Amino acid sequence: MASQPVSPAQRKKILRVIFISLLLDLTSFTFILPLFPRLLEFYRNLEVNHGASNPILNRILLGLNTYKQSFSRPISDRYDIVLLGGALGSLFSLLQAIASPFIGSLSDKYGRRTALLWSMAGNIASVALWVIATDFRTFLASRVVGGLSEGNVQLATAMAADISDEKQRGSTMAMVGACFSIAFTFGPALGAALANVKTVVANPFATAAGFSLMLILVETLYLYLYLPETKPSSQPSKANNGSIAEGKTLAKPPRRTNSYLLLNATHFIFILFFSGMEFSFPFMTYDLFAYTSPQSGRLLGFVGLLASILQGGVTRRLHPLRAIQIGVVSCVASFFLLGRMTTKAGLWTAASLLAITTATVVTGLNTLSSFEAAETERGGKLGNHRSWGQIGRALGPLLFCTLYWWAGRDIAYAIGGVGMLGVCTLVFGALKSPPSISDTR
């Protein structure tokens, strides 16, 4: 895109493309989430119980069993699949942490559109491997390829920042966050329904995988046809009088308000505790209330639906720093409530507080991070920011699960609450509002 300011009509068009493509991408991504227990059980029965020649899954399960036996409290075999799913989730997040800075830097060098289309090529390969995954080794390969190539979210964030001025930045980031909440509300239910349609005997989940692949292909074609380049040009352009006018990115860099170290550390610590709490939900609801998978799914669906409503109606109007502050306080309250509650009413109250956190914190941190990056480095800096969050998401479930089973629910959530109080200290005591938006909110 040229270095001239984006017209309102062009901005509206680009936002529509970003929104639709993100919905397609995240809906496809969430198809697999409710299928993990059945899917991994299928591969376990196929390759372990039936003596398949591929030993990868067997070695992984042996390692997880050794991990389980180290706890002071026994863990039911029911959680073998849950722990395996968590291990794969951590692997995916770790690969994302490695890839995100590179994808962001490539978008700074070659353009957002080019980087996104290459990322989509990797996504297509990943989902295609899932379609043909008749053994665990192929399925594992699909997750590795997906973890290394998924760049849609961070590039959508960078593009949203490219076409938004200081006053528009927060509401635009809230739109990106709303895509997450909408997709996570409806995508898992659709994936579960498609998994009941059996079309390939060797891969009972081929229907869901095939539909996911179709969404990715439609998204790629849509992006190819309708997405323009949004990265401001760093090349000088001819002015109307024949002189050379500097491009938008040649202006002086933004004045630093929050250091990258502070923003990335806040993101990492927050996601470390928050993701651990998310992963503990299936354990906790089963232990306390004997929740089935559909009941847990409805609870998480409620969180996603409420979060999408809040992002569309409230978060986009909030100052980004205020949104973060509200979110972390809600998260502290949820942690301590989950550690003490004994009724379903308490559980749903805690879930409502989590929805507030989901709707605010990451969106606000992404917005603040975008203000600190010059246009020529925005993709890389936002990629680094996402990378720190993904490291937290890789470590959080493992550490919190260990704490939960060693020390018990009360102590685990109390320690999580104290950790989140530490995040509150950073948010209220160290983070500052950029001057460019302090006077407009």
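The axes of α5 and α6 come within 8 Å of each other and cross at roughly 165°. The model is a predicted one, in which local features need pLDDT of at least 70, side-chain atom pairs count only at pLDDT 80 or more, and totals for chains, interfaces and linings use all residues. Residues are numbered from 1 along each chain as its sequence is written, and side-chain values use heavy atoms, with hydrogens and water left out.

Helices here are DSSP runs of H or I with at least four residues, numbered from the N terminus. Axes are lines fitted to C-alpha atoms over the stretch in contact, and angles run from 0 to 180 degrees between N-to-C directions. Angles over 145 degrees count as roughly antiparallel, and α5 and α6 are therefore roughly antiparallel to each other. Their crossing is left-handed, meaning that the near helix is turned anticlockwise from the far one by less than a right angle (clockwise would be right-handed). Contact, defined as heavy atoms within 4.5 Å, involves residues including Gly-122, Ser-126 and Trp-130 of α5 and Phe-139, Ser-142 and Val-145 of α6. By class, this contact has six nonpolar, eight polar and no charged residues. In this scheme Ala, Val, Leu, Ile, Met, Phe, Trp, Tyr, Cys and Pro are nonpolar, Asp, Glu, Lys and Arg are charged, and the others, Gly among them, are polar.

The contact of α10 with α13 has 14 nonpolar, six polar and one charged residues.

Helix α13 also packs with α14 (residues 378-407), at about 145° and with axes 10 Å apart; this crossing is right-handed. Leu-365, Asn-366, Ser-369 and Ser-370 in α13 meet Arg-378, Leu-382 and His-385 in α14.

A cavity is a set of points on a 1 Å grid over the protein atoms alone where a 1.4 Å probe fits but cannot get out, and lining residues have an atom within 4 Å of a point. The largest cavity holds about 230 Å³, a volume being the space filled by probe spheres set on the points, which are joined across faces, edges and corners. Its lining has 16 residues, with Ser-28, Phe-29, Ser-126, Val-127 and Arg-143 nearest the centre. Helices α1, α5, α6 and α9 each supply at least two lining residues.

Methods: 1 Å grid on protein atoms, 1.4 Å probe; cavity = no way out; pocket = protein on both sides within 12 Å on 5 of 7 lines; lining within 4 Å. Parallel < 35°, antiparallel > 145°, perpendicular 65-115°, else oblique.
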